[in-house]
Structures are given as C-alpha cells and as structure tokens.
Amino acid sequence: MQESRKMPKDFFWGNSVSSMQTEGAWNVDGKGLSVYDVRPATATTADWHDAIDEYHRYDEDLDLMQALHMNMYRIQISWSRIVPDGDGAFNPAGLAFYDRLVDGMLKRGITPMICLYHFDMPLALAQKENGFMSRHTVAAFVRFGKKVIEHFADRVKYWITFNEHNLYFSDEAFNISGYTTGDRSLSELYTIFHHTMLAHAQLDAFVHANYSDVKIGGMLAYTPVYPATAKPNDVFAARQLDQFLNQNLNTAFVNGHYDHEVLTFIKNQHLDYDLQPGDEAILAAMHADFLAFSYYRSTTINADKIPAHTAPNRYLNFGMESNRFLETNEWDWSIDPLGFRNLITDLYNRYQVPVFPIENGIGIREHWDGQHPIADDLRIRYHAEHLKAMKDAMFLDGAQVLGYLGWGLIDIPSSHADIEKRYGVVYVNRSNHDLKDLKRVPKKSYYWLQAVLEKNGDEL
C-alpha cells in the first residue's frame with residue numbers, strides 16, 4: 001500500500017436507499033397514499049406495498065451495515081408518511097418511525113443522511129395539483145421539508161432535497177413529479193424543473209440561515225455521455241447534453257443561476273417555464289456545501305439519429321447507443337470505472353466544491369439455493385474497480401471526495417419494481433410475487449466489502 005493513498009479518517013462509507021424501495025408498511029401508522037402505493041404488480045414487477053419491510057426490520061439491517069464497518073446510511077423520508085395528504089396535518093407516528101431509525105443509526109456509529117424526495121409524490125397532490133406542475137405543491141414540499149429539517153437537524157447533518165435532480169430536466173420528469181395530466185410539452189418540462197429548483201433553493205436557504213453545522217447539497221443522476229464517434233456533430237451533441245443535463249444544475253447549485261446557454265435556448269424557443277418576479281432572487285441564494293451524484297454507467301450519443309429541432313433535453317431519447325468498447329450487465333448498462341474517475345475529477349475541477357458519490361452499484365439477476373452464499377464475483381470486481389478509480393481521482397487528480405455510498409446494498413426492488421435486478425451485497429429472500437420469508441443473507445461481496453471497509457479502503 002502506498003502511504004499517499006491512505007484514505008481520510010473521516011471518509012464516509014455507506015448505503016443509499018429510498019423509502020418506497022425499502023420500508024413497506026404502506027398503510028400503517030397513519031401513512032397516506034403515495035403515487036407508488038397504487039401501482040399494481042405486473043408479470044415482471046412487484047407492487048410497492050412490502051418492499052423489504054425495513055419498517056419492521058430496520059434493526060437487523062442496521063446491524064448488517066454496522067458489521068460491514070459502514071459509517072453512513074442515506075435514507076429518504078416519505079412525504080406521505082409525514083404528511084398523509086401532502087399539505088395537511090403532520091403525522092406524529094411517521095416522525096416517530098424516522099426517530100427510531102435515525103437513533104438506531106447513531107447508536108451504531110452510523111451517520112444519517114436524509115433525502116427529502118425520491119419520486120414518491122403524495123397521491124392527493126398528484127391528483128389535485130398535478131404534482132410539481134403546481135406552485136401549491138412547491139409550497140407544500142417546502143413546508144414538509146422545513147418541518148423535517150427542524151425535527152432532525154440536531155442529529156442529521158447531511159441533507160439533499162431531490163434525488164437525481166437532473167431527471168426533472170428530462171422526459172423522466174413526467175413519471176417522477178406527480179404529473180398526471182397534460183401534453184408533456186417542452187414548456188411543461190421546463191416548468192416542472194424550475195419549480196423543483198425553487199423548492200430546493202428555499203430549503204437550501206432555510207438550512208444555511210438556521211443551522212451552521214448542517215450541510216445541504218444538490219444531487220444529480222450522472223451518466224456521462226461520450227460521442228459515439230469523432231464526428232464533430234457527435235462531439236457537439238455530447239457537450240450540449242452535459243451542459244443541459246448536468247452543468248446547468250451544478251451552476252445553479254453552486255452559483256445561484258441557470259446556465260447561460262440554457263437561458264438562451266429558453267429565450268430563442270419562447271418557452272414558458274413559469275418564471276415569476278422574485279424567482280431569480282430565490283435561486284440566487286443557493287450555495288451547495290457539496291455536489292452529490294449517482295453513477296452506474298456511461299453511454300454514447302449518435303447525433304445522426306436525433307431529429308432536427310430536438311431540444312437537447314431529449315437527445316438521448318433518439319441518439320443513445322451502447323459503447324462497443326465496454327462490458328455491460330444484462331440490462332445493457334456499461335461498466336466504466338474510468339468514467340467514474342473522470343466525472344469526479346471534472347466535477348471538482350469545475351466547481352471546487354467537495355463531491356460525494358452517493359449511489360454506485362451494478363444490477364445482477366441472482367438466485368439463492370437456500371444454503372450457500374451467492375458468489376457475486378462480478379459485483380466484487382465492479383465495486384473494486386470503481387473504488388480504485390475514485391482513489392485515483394483523489395490521490396492522482398486531487399479531487400476532494402466526502403465518501404462513497406453504494407446503492408441498495410441490501411437487496412431492494414429496482415426503481416421499476418423488479419426485485420430480480422439486485423444491487424445488494426446482502427440477498428433478501430423474496431421474488432416479485434412471493435414475499436417468502438424476507439431473510440437477509442450476506443453474499444460473497446458482503447465479506448469482501450467488510451474486509452475493505454475494516455481498513456478504511458486503504459489497501460485498494
């Protein structure tokens with residue numbers, strides 16, 4: 001081991017999840033319905049009613065994380081568990097559950113990190129307000145966020161508002177914002193995005209005005225896009241994508257304003273994104289303490305496939321192509337550790353703000369024989385190579401990195417409700433349509449990661 005590659009003693013190692021993918025308990029202790037709670041199972045997906053039942057099994061899961069030598073757990077607080085109808089009375093039983101969960105982390109030396117929104121809009125606000133198309137929803141979310149921050153700020157020092165915030169600047173926004181009706185126009189897309197940024201900015205300002213020891217940052221879903229070829233139009237499309245889907249938000253998080261190229265596009269296209277007097281002042285108060293992101297893969301763009309006059313936000317709808325030089329998993333997600341290093345280094349170079357990868361992992365279809373640990377060598381190799389790439393960004397390139405959180409390191413249903421796409425180092429014994437016993441079973445990767453974290457990652 002090179003002495004110069006010894007990791008910081010305060011480095012965060014941990015796990016990230018969302019509420020609907022872990023908790024279950026969808027209709028207990030006063031929880032209201034979210035948009036996920038009413039989605040039915042299909043032939044290849046589960047419903048969202050049980051997940052892995054962490055609501056009742058959190059002690060077991062926290063024990064597994066503690067034994068892994070993890071010192072951070074990023075959770076999401078369910079809006080509809082705290083405010084059942086989204087904008088009405090607060091539910092004391094909901095807060096009490098998260099009190100138990102947070103206190104359970106602290107008892108084990110695990111630092112909590114809280115995300116306030118991970119796509120699960122309260123059903124009532126989706127139906128009445130069309131989700132984040134409405135400024136009423138923005139106000140309701142800020143009210144919810146302030147309540148939760150006030151309640152937990154004495155114990156929780158790391159916060160993000162929106163999971164993968166740049167998805168609200170892509171067509172995925174119509175699936176994750178509580179949007180129920182409309183024509184999915186570009187103006188609607190930009191309106192949803194602007195409203196979520198206003199919500200983030202207000203909570204950013206609230207934290208910085210009231211809690212000197214609490215840190216809040218922005219978070220993106222980072223999928224670096226390479227040109228499919230050296231053709232200038234591919235290179236140009238890749239640059240535009242990065243500007244619109246990544247740097248526009250990072251510029252806002254750090255500097256308090258949207259990117260000039262994006263604003264010029266809005267002006268030239270005559271887009272109505274519900275910009276109102278006072279909005280720019282709200283945005284100007286943003287000051288990210290860190291820039292967080294998820295990273296799973298990279299991709300490429302073939303500009304020849306993009307129809308003329310397509311907005312950059314939608315280039316990937318038409319021009320995304322697999323990278324023929326990279327290995328992929330079963331879902332055609334590429335494995336690109338060097339892309340991880342490049343992203344970390346570039347992000348820190350641009351903004352000089354600490355960076356924080358808070359989701360990373362690989363989905364694999366796995367079957368447990370009921371007896372032997374699953375030998376998930378591909379997952380071990382994936383995480384080992386990404387951790388080495390992160391250390392290269394830190395020790396060779398000089399990036400300041402706060403920690404490394406894997407995604408769903410105790411198996412959870414995927415974002416599309418498929419438990420068979422597993423990310424965990426711990427197997428949870430259920431299928432999409434059979435809960436079985438929900439037994440937690442460490443995989444081979446669990447013991448590998450345990451050995452890595454026991455030595456703070458120094459020996460990678």
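This is a predicted model: local features need pLDDT of at least 70, side-chain atom pairs count only at pLDDT 80 or more; totals for chains, interfaces and linings use all residues.
Which residues line the second largest cavity? Residues are numbered from 1 along each chain as its sequence is written, and side-chain values use heavy atoms, with hydrogens and water left out.

**View 1. The second largest cavity and its lining.** Here W13, G14, M70, H383, Y404, G406, L409, L449 and L453 line the space. The elements giving two or more residues to this lining are β1 (12-16), β11 (403-407) and α14 (444-454). Helices (H or I, at least four residues) and strands (E, at least two) are DSSP runs, numbered from the N terminus. The volume of the second largest cavity is about 60 Å³. Its lining divides into six nonpolar, three polar and no charged residues. In this grouping, Ala, Val, Leu, Ile, Met, Phe, Trp, Tyr, Cys and Pro count as nonpolar, Asp, Glu, Lys and Arg as charged, and the others, Gly among them, as polar.

**View 2. The largest cavity.** Rolling a probe the size of a water molecule over the atoms shows where empty space is left. On a 1 Å grid over the protein atoms alone, a cavity is a set of points where a 1.4 Å probe fits but cannot get out, and lining residues have an atom within 4 Å of a point. Grid points are joined across faces, edges and corners, and a volume is the space filled by probe spheres set on the points. Searching the whole structure turns up four cavities of 30 Å³ or more, and the largest holds about 80 Å³ of space. Around the largest cavity sit S19, M20, E23, G24, W26, K31, S34, D37, W48, S78, R81 and D120. By class, this lining has three nonpolar, four polar and five charged residues.

**View 3. Helix α5 against helix α7.** Two packed helices are described by the angle between their axes and the distance between the axes. The axes of α5 (residues 135-152) and α7 (residues 186-210) come within 9 Å and cross at roughly 30 degrees. That makes α5 roughly parallel to α7. Axes are lines fitted to C-alpha atoms, for helices over the stretch in contact, and angles run from 0 to 180 degrees between N-to-C directions. Angles under 35 degrees count as roughly parallel, over 145 as roughly antiparallel, 65 to 115 as roughly perpendicular and the rest as oblique. From α5, the contact (heavy atoms within 4.5 Å) includes F141, V142 and I149, and from α7 it includes L198, L203 and F206. The residues of this contact divide into nine nonpolar, four polar and three charged.

**View 4. Helix α3 against helix α5.** Helix α3 (residues 92-107) packs on α5 at an angle of about 40 degrees, with the axes 12 Å apart. That makes α3 oblique to α5. L95, Y98, D99 and V102 of α3 meet K147, H151 and F152 of α5. Sorted by class, the contact of α3 with α5 has four nonpolar, one polar and two charged residues.

**View 5. Y211 in its loop.** Look for Y211 in the loop between α7 and β5 (215-222). Y211 and A153 are 58 residues apart along the chain, and their C-alpha atoms are separated by 7.5 Å. Leaving aside residues up to four places away in sequence, Y211 touches I149, E150, A153 and F206.

**View 6. Helix α8 against helix α12.** Helix α8 (residues 232-255) and helix α12 (residues 337-351) pack at about 45 degrees, with axes 11 Å apart. That makes α8 oblique to α12. D242, Q247, N250, T251 and V254 in α8 meet D346, L347, R350 and Y351 in α12. This contact has three nonpolar, three polar and three charged residues.

Notes
On a 1 Å grid over the protein atoms alone, a cavity is a set of points where a 1.4 Å probe fits but cannot get out, and a pocket is an open set with protein on both sides within 12 Å along at least five of seven lines; lining residues have an atom within 4 Å of a point.
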